[in-house]
Amino acid sequence: MKIALIGYGKMGHAIEALAMERGHTVTVKIDKDEPWPENIDADVAIEFTTPATAVGNMLRCLERGVPVVCGTTGWYADYEKVVAECKARNGRLFTATNFSIGMNIMFELNRRLAEVMRGRDDYRVSISETHHIHKLDAPSGTAITLQEQIVENGERKVESIPIASFRKGEVPGTHTVCYDSEIDTITLTHEAHSRKGLAFGALLAAEFLATAKSGVFTMKDIL
């Protein structure tokens with residue numbers, strides 16, 4: 001599979017290394033303010049950049065007929081706009097707030113726990129997330145997803161679920177959901193040890209998208 005990397009920072013390098021291990025080829029690398037070629041020689045693009053540039057990058061891929069996997073977060077206010085463009089061009093788009101397989105397992109546990117704790121007002125729920133100092137959006141897209149799941153499945157108000165965000169060193173990503181009462185505390189925590197889990201999930205998404213029919217896909221489609 002030929003891959004275009006949109007964003008060639010630490011995540012881009014991690015994806016490239018793992019892609020080579022899996023027998024793929026990185027044919028295009030576009031980073032920061034580099035000019036875009038008219039045509040992209042790739043079966044799929046993987047985008048990890050910034051909230052300010054992600055939407056434009058996805059639209060450029062779709063304009064060029066290249067399926068795109070987007071791992072950037074913080075751009076979801078424009079989600080409907082990007083989806084509409086994808087559908088209008090009969091394109092392929094794969095988005096996720098977190099590509100880690102382990103984190104997506106935690107999403108399922110978080111939904112189930114929210115259902116079990118529905119109506120248990122004696123427990124106060126909160127979320128904390130810690131990432132490296134280079135991460136631009138806060139709270140993280142993953143933390144927002146956890147919060148949305150609790151609102152939807154636990155019937156709690158969003159303002160009752162505070163999110164605490166921390167930026168420290170080179171921390172890959174730690175997310176904790178905490179239910180606290182006077183009697184006890186229940187926590188769910190996912191701690192990434194490196195960027196490799198995100199890179200692996202993004203490549204699984206790319207491999208899926210390269211042969212998929214047109215549409216908009218998420219991690220649920222490959223798990």
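Started with the helices around the second largest pocket: α4 (101-116) and α5 (141-154) each supply at least two residues of its lining. Helices here are DSSP runs of H or I with at least four residues, strands are E runs of at least two, and both are numbered from the N terminus. I note that this is a predicted model, where local features need pLDDT of at least 70, side-chain atom pairs count only at pLDDT 80 or more, and totals for chains, interfaces and linings use all residues. Residues are numbered from 1 along each chain as its sequence is written, and side-chain values use heavy atoms, with hydrogens and water left out.

**Pocket.** I looked up which helix gives the most to that lining, and α5 does, with seven residues. The lining has 25 residues, and T97, F107, T145, E148 and T218 lie nearest the centre. (A pocket is an open set of points on a 1 Å grid over the protein atoms alone where a 1.4 Å probe fits, with protein on both sides within 12 Å along at least five of seven lines; lining residues have an atom within 4 Å of a point.) I get a volume of about 730 Å³, taken as the space filled by probe spheres set on the points, which are joined across faces, edges and corners.

**Parallel sheet.** Next I traced six strands in an open sheet, ordered β2-β1-β3-β4-β5-β10, with parallel pairing. Two strands pair if DSSP finds at least two bridges between them. β2 (25-30) and β10 (215-217) are the edge strands with a single partner each, so one side of each has no neighbour in the sheet. Inside, I checked β4 (residues 68-70) against β5 (residues 92-95): three bridges, running parallel. V69 has F94 as its bridge partner in β5.

**Mixed sheet.** The other one I logged is an open sheet of four strands, β7-β6-β8-β9, with mixed pairing. Its edges are β7 (163-167) and β9 (185-191), each with a single partner strand. β6 (residues 124-131) and β8 (residues 174-180) pair antiparallel over seven bridges, and E129 finds its bridge partner in H175 of β8.
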